Amino acid sequence: LKESMKYKNNIIFFGVIICFVLSGFAALLYQTAWMRQFSVIFGTSELAVATILSAYMAGLALGAAIAGKYINKITRPILFYGILEAAIAISALCVPLLMGLASLLYINFLGNQLSPGDASGLGQSMFYLIVAFLVLIIPTGCMGATLPLLIKYVVKSEDQIGSRVGMLYAMNTAGAIGGTTAAGFLLLPLLGLSGTIWVGVGINILVFFISVS
């Protein structure tokens, strides 16, 4: 019986790893596509790119912090993880709409320009950071919350902390590398920005169904 339970736990852990690889793939696929979309509005200067990346990472950190604070109150972490994946998919579809609104704000507050701005000046930089954070806060916050939830689900004892947390993080990173590579060299050239986003949405929905099944 003990061996049977161990085998079952290993199968579940393997399934969680597969889901987290897919999550990492979709997350960096989104990031690559969003960087291209934001560059149309904010330009491609170092400061513009840095502010977008900062907003992305801030959302991840905020999501992880909130999940860590309330993790002990969540009785079904894998179900909640699936719900977060669905939320990422839905909010990712809303990002282009919010970027369109950001473009209108950019024109109204900073003036229409014939070419992308060079991100010079404190006011423009703060505009970039605030808008990027507000546009990305929901999807990136949900992304950041997934790791604490999965850790709660797969870690059953202290001796599993190092190996299982390390494995989850490593596999998520591997998925992220795959997502960046696939988006930059395959999906964006073949499917464009919209098609690439839809691939990420499909992956998130797949993970959602796996998690809740």
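## Thr-51 in helix H2

Thr-51 is found in helix H2; helices here are DSSP runs of H or I with at least four residues, strands are E runs of at least two, and both are numbered from the N terminus. At 9% relative accessibility, Thr-51 counts as buried, a label that means under 20% relative accessible area, with exposed over 50% and partly exposed in between (1.4 Å probe, protein chains only). Leaving aside its neighbours within four places in sequence, Thr-51 is in contact (heavy atoms within 4.5 Å) with Ser-125, Tyr-128 and Leu-129.

A word on the source: this is a predicted model, in which local features need pLDDT of at least 70 and side-chain atom pairs count only at pLDDT 80 or more, while totals for chains, interfaces and linings use all residues. Residues are numbered from 1 along each chain as its sequence is written, and side-chain values use heavy atoms, with hydrogens and water left out.

## The chain overall

The protein chain has five helices and zero strands, giving the pattern α-α-α-α-α when read along the sequence. Of its 213 residues, 43% count as buried. Among contacts in the chain with a separation of 6 or more, 83% are between residues 24 or more positions apart.

## The nonpolar core

A nonpolar core is a set of buried Ala, Val, Leu, Ile, Met, Phe, Trp, Tyr and Cys residues joined through side-chain atoms within 4.5 Å. The largest one has 51 residues, and the members touching the most others are Tyr-30, Trp-34, Phe-38, Phe-42, Tyr-81 and Leu-168. At least two residues of this core come from each of H1 (2–42), H2 (46–70), H3 (77–110), H4 (122–154) and H5 (161–212). H1 gives the largest share, 15 residues.

Take a look at Trp-34: beyond its neighbours within four places in sequence, Trp-34 is in contact with Tyr-56, Ala-92, Val-95, Met-99, Leu-136, Pro-139, Thr-140, Met-143 and Ile-197.

Leaving aside its neighbours within four places in sequence, Gly-200 is in contact with Ala-26, Leu-29 and Tyr-30. The C-alpha atoms of Gly-200 and Ser-23 are separated by 8.9 Å, although these residues are 177 residues apart along the chain.
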